[in-house]
Amino acid sequence: MEISELTALGHENKGMLRAVRANCLECCCGSAPEVALCQLTACPLWPYRRGTNPFRKKPALTPEHKAALTARLAGRREA
Ligand code: SF4
C-alpha cells in the first residue's frame, strides 16, 4: 500500500506507540484512567497501553552527556 493511499484514508505516520495509545483510548471510550486500569493483561497491547515501551532499556548516560542534556533543556526553556 502506498503512503498516498494511507493518507487518503485519513491515516498519518504517528509512530507505533502513539497508535497503540490511541487504540487503547478508543478501547476505553477515551478515558485515560481506564486505560491505566485495564486488567486484560493477555491483550498483546497491554504492556504498551500507556504509550511507552517498558522493555526498552534506558541508555546509561555519562556525566558529560547529562550535562549536555541539561544545558540543552535549559536552552529550550529560555526560548
Ligand atoms: S491493553 Fe486494554 S485498553 Fe488496550 S486495547 Fe488491550 S484491552 Fe483495550
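**First stop: cysteine 28**

Select cysteine 28, which touches Glu34, Val35 and Cys38 when residues up to four places away in sequence are left out, a contact being two C-beta atoms, placed from the backbone, that lie within 7 Å. This is a predicted model, in which local features need pLDDT of at least 70 and side-chain atom pairs count only at pLDDT 80 or more, while totals for chains, interfaces and linings use all residues. Residues are numbered from 1 along each chain as its sequence is written.

Cysteine 28 is placed in the loop between H2 and H3; helices here are DSSP runs of H or I with at least four residues, strands are runs of E with at least two, and both are numbered from the N terminus. Cysteine 28 counts as partly exposed because it has 16 C-beta neighbours inside 10 Å, where 20 or more other C-beta atoms within 10 Å make a residue buried, 12 or fewer make it exposed, and the values in between make it partly exposed, with C-beta atoms placed from the backbone. If you draw a distance from cysteine 28 to cysteine 38, the C-alpha atoms are 8.5 Å apart in space, although the two are 10 residues apart in sequence.

Now move to cysteine 29, which is also in the loop between H2 and H3. Its phi is near 55°, a positive value in a residue other than glycine, and cysteine 29 counts as exposed because it has 8 C-beta neighbours inside 10 Å.

**Second stop: the ligand**

Which residues are around the ligand? Select Asn23, Cys24, Cys27, Cys28, Val35, Cys38, Leu40, Cys43, Leu45, Trp46 and Arg49, each near it in the sense that the C-beta atom, placed from the backbone, lies within 6 Å. By class, this shell has nine nonpolar, one polar and one charged residues, where Ala, Val, Leu, Ile, Met, Phe, Trp, Tyr, Cys and Pro count as nonpolar, Asp, Glu, Lys and Arg as charged, and the others, Gly among them, as polar. Helix H2 (residues 16-27) gives the most to the shell, with three residues.

Methionine 16 is exposed, because 10 other C-beta atoms lie within 10 Å; its C-alpha is 9.6 Å from that of tyrosine 48, at 32 residues apart in sequence.

Alanine 19 is also placed in helix H2, and it is partly exposed, with 16 other C-beta atoms within 10 Å. Between alanine 19 and leucine 45, 26 residues apart along the chain, the C-alpha atoms are separated by 10 Å.

Next select helix H4 (residues 63-78), whose 16 residues reach 23 Å from the first C-alpha to the last, close to the 22 Å expected at 1.5 Å a residue; the expected span is 1.5 Å times one less than the number of residues. Of these 16 residues, the number buried is zero, so H4 lies largely in the open.

**Last stop: the whole chain**

Finally, zoom out to the protein chain, which has four helices and zero strands. Of its 79 residues, 6% count as buried. Its radius of gyration is 18 Å, whereas a compact globule of 79 residues would be near 12 Å; the radius is taken over C-alpha atoms, and the globule rule is 2.2 Å times the number of residues to the power 0.38.
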